[in-house]
Amino acid sequence: MKPDTHPNYRPVVFQDLSSEFAFLTRSTIATKETVKWEDGNEYPLVKVDISSHSHPFYTGKQKTLDVGGRVDKFRRRYAQK
């Protein structure tokens, strides 16, 4: 492989801004911020607005709109006569 063609694949900490959840994984994302992790090492930090810890689909706090009303309205409008 040619040198300097691939980005640096390294450990990175992703922190959810809507909760205090953070996780360590590997990524090629570029960032200037760093954070000290639980193991005592310092890693690049990426701040995200939403993660699996705060997303309504994963937390089970998903709000459902008036689905029943819409389905009934659809059935009345397009019911076979």
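Modeller: Let us begin with a term: buried means under 20% relative accessible area, exposed means over 50%, and partly exposed lies in between, with a 1.4 Å probe and protein chains only. This is a predicted model, where local features need pLDDT of at least 70, side-chain atom pairs count only at pLDDT 80 or more, and totals for chains, interfaces and linings use all residues. Residues are numbered from 1 along each chain as its sequence is written, and side-chain values use heavy atoms, with hydrogens and water left out.

Biologist: Is phenylalanine 23 buried, exposed or partly exposed?
Modeller: The relative accessible area of phenylalanine 23 is 32%.

Biologist: What is the mean pLDDT of the chain?
Modeller: pLDDT is the predictor's confidence in each residue, from 0 to 100. Confidence is lowest in helix H1 (residues 56-59), at a mean of 60, and highest in E3, at 95. In the chain, 79% of residues reach 70 or more, and the mean pLDDT is 82.

Biologist: Which pattern does the chain follow along the sequence?
Modeller: Helices (H or I, at least four residues) and strands (E, at least two) are DSSP runs, numbered from the N terminus. The chain has two helices and four strands. Read in sequence order, the pattern is β-β-β-β-α-α.

Biologist: Which residue stands opposite aspartate 16 in E4?
Modeller: E4 pairs with E1 in the parallel sense. Opposite aspartate 16, E4 places valine 48.

Biologist: Which residue takes a positive phi in the hairpin of E3 and E4?
Modeller: This hairpin has five residues between the strands. The positive phi, near 95°, belongs to glycine 40.

Biologist: How many aromatic pairs does a search of the whole structure find?
Modeller: Rings of Phe, Tyr and Trp (its six-membered ring) pair if their centres lie within 6.5 Å. The search of the whole structure finds two.

Biologist: Why is the pair of phenylalanine 14 and phenylalanine 23 stacked?
Modeller: Planes under 30 degrees apart count as stacked, over 60 as edge-to-face and the rest as tilted. The ring centres of phenylalanine 14 and phenylalanine 23 are 5.6 Å apart, and the pair is stacked because the planes are at 15°.

Biologist: Which residues form one aromatic cluster?
Modeller: The rings of phenylalanine 21 and phenylalanine 23 have centres 5.8 Å apart and planes at 35°, so that pair is tilted. Phenylalanine 23 is also the bridge partner of phenylalanine 14. The cluster is made of Phe14, Phe21 and Phe23.

Biologist: Which residues does serine 19 touch, not counting those up to four places away in sequence?
Modeller: Serine 19 sits in the loop between strand E1 (10-16) and strand E2 (22-27). Serine 19 is buried because its relative accessible area is 15%. Contact means heavy atoms within 4.5 Å, and beyond those sequence neighbours serine 19 touches His53 and Ser54.

Technical notes. Two strands pair if DSSP finds at least two bridges between them.
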